[in-house]
Amino acid sequence: MTTNWLEGVTEKLIPTSLGLINVRVGGRSDGPAMVCWPSLMMDGTMWQYQYEHFAPTHRVVLIDSPGHGRSDALRKIIDLEDCSDALVEILDALGIDKCILVGNSWGGMLAGVFPAYYPQRTAAAIGINCTASLPTTVESVWATALSTFLSLHSKMPPLAAKAARAAFAGPTAEATNPEFTEFTKFVLRDDPKSVAWALRSILIGRKDEHRRLNTIRDVPVLIIAGEEDSQFPVHVVRKMADAIEGSTFRVLLHTAHLAARENPEGVNAEIDGFLATLPATV
């Protein structure tokens, strides 16, 4: 892995219906477009290891989701349809007709619904650690408490790092992957008020999307679950995959909620295997 992996990457702010969205674009300029949307509390740089792996063969676009990274602050409730519309605006600005959409958690939920809203813009979709279900009571309670707490701060409080580590790291990472557990402190860079709005929007306010997913036709979809994901357990992720006709479902052992960053070798291998089954143009 290189330390200067962003060398040669172009960064720009793109106007969308959700404000200015920061994107980083690099890789093979004439390759198929792979667009990566991160988890809540992360920005596009969480995809470092996917970028390094796929840049030789793909034009890779790393998105800072609304309210995160260098994108505009989030100060309203949004939903996955809003995110889908904003993604189309990004694709249009970059001259991308169809993309391979890759997402983790928030991004994974978007990768699920985007082919339903915009099948003509989706070459393939890969959702990692994602759900199409309503939030559970426990999830609603803790997310509401966390969002309320964060909304009171102008700078991310240290407690947020503990919450992120508990959400993102499973037993294997805690026991064997100190680099990853240290990485979860990344959330201390976030705008707490933006994260609070995102929690209210994407976690607490999310809808049951299974019926919408059932409308997807002729778009290849891969859904990946983490065996140790405490946020969206395997059976919840499997239910999402089952709602998408012809989708492929995989489980990564010894992996928790932020699989793309915790277990990039496993995620990249699954994506490679999935893409190898598709037409050469994808």
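A: A salt bridge here is a side-chain nitrogen of Lys or Arg within 4 Å of a carboxyl oxygen of Asp or Glu. This is a predicted model: local features need pLDDT of at least 70, side-chain atom pairs count only at pLDDT 80 or more, and totals for chains, interfaces and linings use all residues. Residues are numbered from 1 along each chain as its sequence is written, and side-chain values use heavy atoms, with hydrogens and water left out.

Q: How many salt bridges does the structure hold?
A: The structure holds 14.

Q: What about Glu 182, which residue does it form a salt bridge with?
A: Lys 185, with the closest N and O atoms 3.4 Å apart.

Q: Is Glu 182 buried or partly exposed?
A: Glu 182 is partly exposed, at 46% relative accessible area, and Lys 185 is partly exposed too, at 43%. Buried means under 20% relative accessible area, exposed over 50%, and partly exposed in between (1.4 Å probe, protein chains only).

Q: OK, and Arg 24, what is its salt-bridge partner?
A: Asp 64, and their closest N and O atoms are 2.8 Å apart. Arg 24 lies in strand S2 and Asp 64 in the loop between strand S4 (59-63) and helix H2 (80-94), so the pair ties together parts that are 40 residues apart in sequence. Helices (H or I, at least four residues) and strands (E, at least two) are DSSP runs, numbered from the N terminus.

Q: How buried are those two, Arg 24 and Asp 64?
A: Arg 24 has a relative accessible area of 5%, and Asp 64 has 0%.

Q: Which residues are linked with them in a network of salt bridges?
A: Glu 11 and Arg 70 are linked with Arg 24 and Asp 64 in that network. Arg 24, in S2, is also the bridge partner of Glu 11.

Q: Switching to the sheet: in what order do the strands come?
A: Eight strands form an open sheet in the order S1-S2-S4-S3-S5-S6-S7-S8, with mixed pairing. Two strands pair if DSSP finds at least two bridges between them. S1 (10-16) and S8 (248-252) are the edge strands, each pairing on one side only.

Q: In what sense do S1 and S2 pair?
A: Antiparallel, over seven bridges, with S2 covering residues 19-27.

Q: Last one: where does Arg 206 lie, the partner of Glu 139?
A: Arg 206 lies in the loop between helix H8 (192-204) and helix H9 (210-213), and Glu 139 lies in helix H4 (residues 137-151). The closest N and O atoms of this salt bridge are 2.8 Å apart, and both residues are buried.
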